[in-house]
Amino acid sequence: MNVPSLLLAGGRWRCFPLPLGYSLFQALHNSCCRKESTAPKKIIPHVDFSDETAKESGKTLDKLFSSEQQASILHVLNTASNKELEAFKLLRGKKSLNIVEHREKFGPFPNLESLMNVPLFQYKITIQVCNSILNPETEGKKKKLQESRLLRKLIKPEIERERVKAVNSIVSIVSGTRRIAWAHLDRKLAVLDWQQTEYCQLMKGSYLSSVYLQEISSIISKMPKADFYVLEKTGPSFQNPSLFPVLLHFHMTEAMLYALLNTTFAQDGRHQVLSMNRNAVGKHFELMIGDTRTSGKEVVKQLLSESVLRDEPRVFFPPEKIVRYRQMFSSTEYNRVEELYDSLLQAIAFYELAVLNTES
């Protein structure tokens, strides 16, 4: 049975039968869809703004640089050889060659805008190139950048280069599974203190934070004050599950040392505790065999001998302490006390790589 319905047609309501099961809502929906689909679509014409953008970019370049600056930049672009252009960091490789080829083919650059006609030169890179020509890197700037990159690889977290230059003394700390050793050195590489202490009980039990806090606090109370405390950054790989307890121990110890030694961090936000790359220290003393670091025992032995035999040794051990240090070394001659050796070597490497190499 057909069900009549009402639809608006030509401004008037008209009655017509609907098929069985066909609802009024479906009829209205289809009518609207037909009306929408048959309505002529509004066509938006495509406009190419590439020429407009190039012109606007050219105008912006003129506003960014004064007439004198533009003249200086154009003089370099129009007269410099390929090799001379490569002296600018942003023009190395293909970019300098493209400039020379474009200049030979089309003549000198009449304005800064024309540089954007050269391959690889979009608007942003053109501005950067112009700024680099006006402010070329001097040898001093290059040296500072190199030093900053070295510090970032050597030390974490990043700190200001000026703070590193001003350091007067550091305590170098190396922890193992059974002991912690530290070496206190000033900027003249004079050894002010050098010792170790046992903490065998930490890896026995449940790795309770309270036990670590108590033990590490006791050890820190014996350490001298310094501008920086430098920790060895190392740890076994997660790929070996059997080493997880050792890894946990190292992280617990490191966390405690960071928290307890950074006494003023909450007030001024300045780090006093730093982590130093272990392999960088190993390379400095030629202790690396592939990715493995060998013992620093022989290097330390040599440093102790030089302090007595040479007028200007690499490391200065005060006469009143040299006997005690030599006895301490002799007592550990047949034991693997790598933490003791490494704490001294890390302190020396910190000064020689991070402090003395950054002095201007």
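Here are a few exercises on this predicted model, each with a worked solution.

Residues are numbered from 1 along each chain as its sequence is written. In this predicted model, local features need pLDDT of at least 70 and side-chain atom pairs count only at pLDDT 80 or more, while totals for chains, interfaces and linings use all residues; side-chain values use heavy atoms, with hydrogens and water left out.

**Exercise 1. Work out how the strands of the open sheet are arranged and which strands stand at its edges.**

Step 1. Helices (H or I, at least four residues) and strands (E, at least two) are DSSP runs, numbered from the N terminus. Two strands pair if DSSP finds at least two bridges between them.

Step 2. Read off the order: the open sheet has six strands, β3-β8-β7-β4-β5-β6, with mixed pairing.

Step 3. Look at the ends. β3 (155-156) and β6 (191-198) each have a single partner strand, so one side of each is left without a neighbour in the sheet.

Step 4. Zoom in on one pair. β5 (residues 179-186) and β6 run antiparallel and are joined by seven bridges. Here Leu185 stands opposite Val191 in β6.

Step 5. Contact means heavy atoms within 4.5 Å. Helix α15 (residues 338-355) lies across β3, β4, β5, β6, β7 and β8, at about 140 degrees to β4. Axes are lines fitted to C-alpha atoms, for helices over the stretch in contact, and angles run from 0 to 180 degrees between N-to-C directions.

**Exercise 2. Find which residues touch the most other members of the largest nonpolar core, and which element gives the most to this core.**

Step 1. A nonpolar core is a set of buried Ala, Val, Leu, Ile, Met, Phe, Trp, Tyr and Cys residues joined through side-chain atoms within 4.5 Å. Buried means under 20% relative accessible area, exposed over 50%, and partly exposed in between (1.4 Å probe, protein chains only).

Step 2. The largest core has 43 residues, and Leu185, Trp194, Phe317, Leu344 and Phe350 touch the most other members.

Step 3. Now the elements: α15 gives the most, with 12 residues.

Step 4. Leaving aside neighbours within four places in sequence, its contacts include Val191, Leu344, Ala347, Ile348 and Tyr351.

**Exercise 3. Describe the crossing of α3 and α6.**

Step 1. The axes of α3 (residues 67-79) and α6 (residues 123-134) come within 10 Å and cross at roughly 95 degrees.

Step 2. Classify the angle: under 35 degrees is roughly parallel, over 145 roughly antiparallel, 65 to 115 roughly perpendicular and the rest oblique. The two helices, α3 and α6, are therefore roughly perpendicular to each other.

Step 3. List the contact residues: Gln69, Ser72, Ile73, Val76 and Leu77 from α3, with Cys130, Ile133 and Leu134 from α6.

**Exercise 4. Locate the backbone features at Pro157, Leu189 and Glu286.**

Step 1. Recall that most residues other than glycine have a negative phi, and most peptide bonds are trans.

Step 2. The peptide bond from Lys156 to Pro157 is cis, with omega near -10 degrees. Pro157 lies in the loop between β3 and α8 (161-165).

Step 3. Leu189, in the loop between β5 and β6, has a positive phi near 60 degrees. Leu189 is buried, at 6% relative accessible area.

Step 4. Glu286 has a positive phi of about 55 degrees and sits in the loop between α12 (278-284) and β9 (288-289). Glu286 is exposed, with a relative accessible area of 72%.
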